[in-house]
Structure formats: structure tokens, C-alpha cells
Amino acid sequence: VLLRVLVLSATAAAIYGTVLFITGRVDRVSGPIGEANDFAYVLAAVLPFAVYLVARGRRFRPLWIVACALLIGALLGTLSRGALVGLAAVVLWAVATRRVRIAGVLAGAVVVAGVVLLAFTLWRPLIDERLAAKSVVAQANVESRQAYWSAALRMAADHPVLGVGPGRFGIESREYILNDPINITNPVAHNAYLEVLAEGGLPTLIAFVAFLAGSWRLTVRARNRMRAREDADGLR
């Protein structure tokens, strides 16, 4: 039930963001969050659960297939390279570890191709405009990210134990960011590890990495239990 609610709510947000995008009210699909990259993170994290629901349920399978298509369309509309790289890494890992069959990957590729074809058929001028705008600032984005990462490292060097405080990277960045071509007023580090390091210090970064490692370990243990019980759904 929790997964269904999560997928349906994310799909509703994807529809909302996509409508704003195709009506020209926003430059990138950002949904109710307002920040396209953050919204892309949500969509990319929910999409595997939507795929799971497609594989699991026959009764509502068409609904979950439509949800997958809408999530993919909105994700592409965010123009977030990081989210796409993350999903690509998940797919490669899943195939390499034989958690997903090649047939499933091909089916997903067909859905993605269909979404892209439909989008370019209906809204090609708008999409071309947004892609062109994205490519114009691409080099500036690279330079700005480097400036943010350098600032985060210098913040951490000045405040190695407690950091500058939660949510204060953007505020403190005025004293640390040099040569930012975009000149955002209240930026984020665009790197979770560096932002945690800058805002919370080295102990917080260690705790964050330990949390990720512990979550992975718990997932592996749960998977081993499901395998011992021969619980196919649990393994998924």
C-alpha cells in the first residue's frame, strides 16, 4: 500500500510538472518542488518501485505501466543529467548482478523510446528550445559546479568538526565561492557528500556514509532471508 501511494503521488506530481512545462510556465519540469534537479531525484528514486509494481501486479498492471511512462517523461523533462546517470548506473548494476533480465531492460528501453517519440511529435519546438538553452549554459554550469565544490572543501577546512551549520552552505558561500559564472544568490553544493561535509563537518560525513553502508547491509540481509524462504516477491 505504501509503495502504491508513493508511486501514485509521484506520478501526480509528474503530471503537474509536465503540464507546467508544456504550457511554457517553467523552463524545466520541476513539479511542486520548484527545483528541477531535486524533483528529478524524487522521480528517479520512485521509478524502480513503479517498475516493481508492473512486475508484481496483473490486475492494475496497465495503470503502473502508464505511471512508469509519465515518470520517465517528467524525468526527461527535468533535463537533469545526474538523475539519468544514476538510473543508468542502477540498470547496469541490476543487469550485471542478474537482478533484472535483458528482456526487462529492452521493454524499458521501448517505453523510454516511445515517450521520447511522443514528446518530440507533440512538443518538438518547445523541447528544442529548452535543449538549446541548456546547451548554451552547459559550460557555465560546469565552471559553477567546480566553484561550489571548491568552496565546500574550503568551508570544511575552516570548520572541520561542526561545519558551517545545516542549510548554511548558500549563506556562507558568499565568502568562499570565487569566479561563479552563473552567480546564484543562494546556491547548493550540487554534491551531497561535499555539502554534508561543509555543513556538518567530518563526523557528520562519516555518519552519513555509515548510514548508507548500513542501509545496504540491511538490504542484503533482508534479501538473503527472502532467498532462504524462496520468497520471489520479497527478492524483488
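Trainee: What should I know about numbering and confidence?

Mentor: Residues are numbered from 1 along each chain as its sequence is written. The model is predicted, with local features needing pLDDT of at least 70 and side-chain atom pairs pLDDT 80 or more, while totals for chains, interfaces and linings use all residues; side-chain values use heavy atoms, without hydrogens and water.

Trainee: How many salt bridges does the structure hold?

Mentor: Side chains of opposite charge can pair when their charged atoms come close. A salt bridge here needs a side-chain nitrogen of Lys or Arg within 4 Å of a carboxyl oxygen of Asp or Glu. The structure holds two.

Trainee: Which residue does aspartate 233 meet in a salt bridge?

Mentor: Arginine 56, at 3.0 Å from N to O. Aspartate 233 lies in helix 9 (residues 232–235) and arginine 56 in helix 2 (residues 36–56), so the pair ties together parts 177 residues apart in sequence. Helices are DSSP runs (H or I, at least four residues), numbered from the N terminus.

Trainee: Which residue forms a salt bridge with arginine 168?

Mentor: Glutamate 172 does, with the closest N and O atoms 2.8 Å apart. Arginine 168 is partly exposed, at 33% relative accessible area. Glutamate 172 is also partly exposed, at 22%.

Key
Helices (H or I, at least four residues) and strands (E, at least two) are DSSP runs, numbered from the N terminus. Buried means under 20% relative accessible area, exposed over 50%, partly exposed in between (1.4 Å probe, protein chains only).
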